[in-house]
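Work through the exercises below with the sequence and the structure open beside you. Try each task before reading its solution.

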Amino acid sequence: MSVPLLDLTAQYRTIQDQVDDAVRQVVQSQRFILGAAVEELEASVARRVGTRHAVGCASGTDALLLGLKALQLEPGDQVIIPSFTFFATAGAVWNAGLRPVFCDIDPVSFNITAATVEPLLTDRTRALIPVHLFGQMAPMEELMELARRHGLAVIEDAAQSIDAAQDMGGQARRAGSVGTMGAFSFFPSKNLGGFGDGGMITTDDDELADRLFKLRVHGGRQMYHHEMVGTNSRLDALQAAVLSAKLPQLDRWTEARRHNAAAYDRDLAGVPGITTPVEEAGNRHVYNQYTIRCHRRDELKKHLDQAGIGNAIYYPVPLHLQPCFSELGGREGDLPVTEQAAREVLSIPVFPELTEAQRDQVGDQVVRGLQEASPPGR
Ligand SMILES: Cc1ncc(COP(=O)(O)O)c(C=O)c1O
């Protein structure tokens with residue numbers, strides 16, 4: 001039996017009526033640009049995340065880019081980001097005219113920490129983008145404390161972590177509610193995914209929200225009056241309607257992801273040759289990915305590919321080593337924990353509709369792949 005890494009068709013089957021109805025309503029209204037559907041989703045997400053504002057935009061990439069532009073920094077100002085993340089985190093910094101400064105990660109959580117950020121601070125550092133990688137929040141209490149001490153803005157890259165939460169001073173805080181802003185993606189493979197691209201920025205800051213609402217429509221709230229140079233980065237009404245129809249299922253889907261993760265944790269515990277992900281104390285991990293580590297990762301991947309088990313390497317090449325950033329001077333060896341993670345990580349299917357039989361098959365094939373990678377006695 002083959003098992004895909006993600007099965008969006010299985011999800012669609014369970015919500016087809018609600019989603020099709022939502023799409024039909026937008027089509028019948030012929031209101032495709034902003035309007036009630038987008039406002040409704042913005043209100044729901046703001047409520048859910050726990051911020052005063054949520055501003056829809058065209059993608060998670062644009063959520064980061066618009067967030068950075070709203071900070072009104074000077075060209076060349078430095079923004080500290082993890083090197084171990086999806087490219088968009090760095091691309092947004094670069095496209096905002098700022099300088100990405102690549103940071104190493106904690107080997108267990110794959111996230112940046114105050115200790116990995118602190119040595120990189122300079123008098124040009126203006127902002128920090130912690131990425132809540134794979135669905136678990138970076139340690140926000142210590143990062144916010146550091147940011148406060150150095151006067152830095154914090155944009156949480158929450159693209160993979162809608163509904164992730166962390167205990168802060170006895171209160172569960174959701175991803176995207178702690179920093180200056182939070183950036184979300186509704187790319188189809190995210191925990192809340194649309195039928196195409198989409199994104200959202202959350203914030204408690206009224207002035208930033210006002211700037212964000214302007215930046216996504218060419219820099220003005222009133223047509224043909226431009227207070228700043230923005231762009232066209234709206235969330236489509238069709239996407240907003242699909243996402244609002246899906247939103248009531250998110251708790252159930254997150255629980256299913258967590259259930260699958262707990263089953264893998266149990267089944268793969270103590271299997272020699274791999275390390276399973278760790279939900280850190282005080283965290284609610286939402287497992288956008290279930291990512292294991294393995295010294296013989298490439299052999300295990302080959303086995304899973306041959307056995308028809310969906311898997312992926314997020315991410316094979318750290319961003320400080322990408323050719324497009326060569327002028328920043330990144331060298332192999334600069335960020336050893338990141339570089340080792342890039343050699344060892346492998347994500348396996350954890351999507352909510354995964355059946356027990358499929359999950360068992362994945363677990364069995366991981367164990368078998370490891371036995372092949374390192375036969376007993378060798
Ligand atoms: C960590 C991270 N940041 C940013 C993005 C960008 O989001 P999008 O693909 O919606 O532009 C993604 C998702 O692809 C991501 O995983």
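**Exercise 1. In what order do the strands of the open sheet with antiparallel pairing stand?**

Step 1. The open sheet has 3 strands in the order β10-β12-β13, and the pairing is antiparallel. Strands here are DSSP runs of E with at least two residues, helices are runs of H or I with at least four residues, and both are numbered from the N terminus. Two strands pair if DSSP finds at least two bridges between them.

Step 2. The edge strands, each pairing on one side only, are β10 (274–275) and β13 (345–348).

Step 3. β10 is joined to β12 (residues 290–294) by 2 bridges. Within this antiparallel pair, Thr275 has Arg293 of β12 as its bridge partner.

The model is predicted, so local features need pLDDT of at least 70 and side-chain atom pairs count only at pLDDT 80 or more, while totals for chains, interfaces and linings use all residues. Residues are numbered from 1 along each chain as its sequence is written, and side-chain values use heavy atoms, with hydrogens and water left out.

**Exercise 2. Describe the hairpin of β6 and β7.**

Step 1. Strand β6 covers residues 165–168 and strand β7 covers residues 171–174. They run antiparallel and are joined by 4 bridges.

Step 2. The hairpin has 2 residues between its strands, and Gly169 in the turn has a positive phi of about 60°.

**Exercise 3. Follow the parallel pairing from β2 to β4 and on to β5.**

Step 1. β2 (78–82) pairs with β4 (residues 125–128) in the parallel sense over 3 bridges. Gln78 stands opposite Thr125 in β4.

Step 2. β4 also runs parallel to β5 (residues 153–157), with 2 bridges joining them. Here Leu128 has Val154 in β5 as its bridge partner.

**Exercise 4. Find two backbone details in loops.**

Step 1. Gln72 has a positive phi of about 55° although it is not a glycine. Gln72 belongs to the loop between α3 and β2.

Step 2. The peptide bond from Tyr314 to Tyr315 is cis, with omega near 15°. Tyr315 lies in the loop between α10 (297–307) and α11 (336–344).

**Exercise 5. Which residues are closest to the ligand, and how many surround it?**

Step 1. The ligand is surrounded by 15 residues, the closest being Gly60, Thr61, Asp157, Ser185 and Lys190.

Step 2. Look for polar contacts (pairs of N or O atoms within 3.5 Å). A polar side-chain atom of Thr61 is 2.5 Å from a ligand oxygen atom. For Gln160 the distance from a polar side-chain atom to an oxygen atom of the ligand is 2.8 Å. An N or O atom in the side chain of Ser185 is 2.7 Å from an oxygen atom of the ligand.

Step 3. The elements that give two or more residues to the shell are α3 (60–70) and α4 (87–95). α3 gives the most, with 3 residues.

Notes: A residue is near a molecule or strand if one of its heavy atoms lies within 4 Å of it. A polar contact is a pair of N or O atoms within 3.5 Å; within protein, one must be able to donate a hydrogen and the other to accept it, and residues adjacent in sequence count only if both atoms are side-chain atoms.
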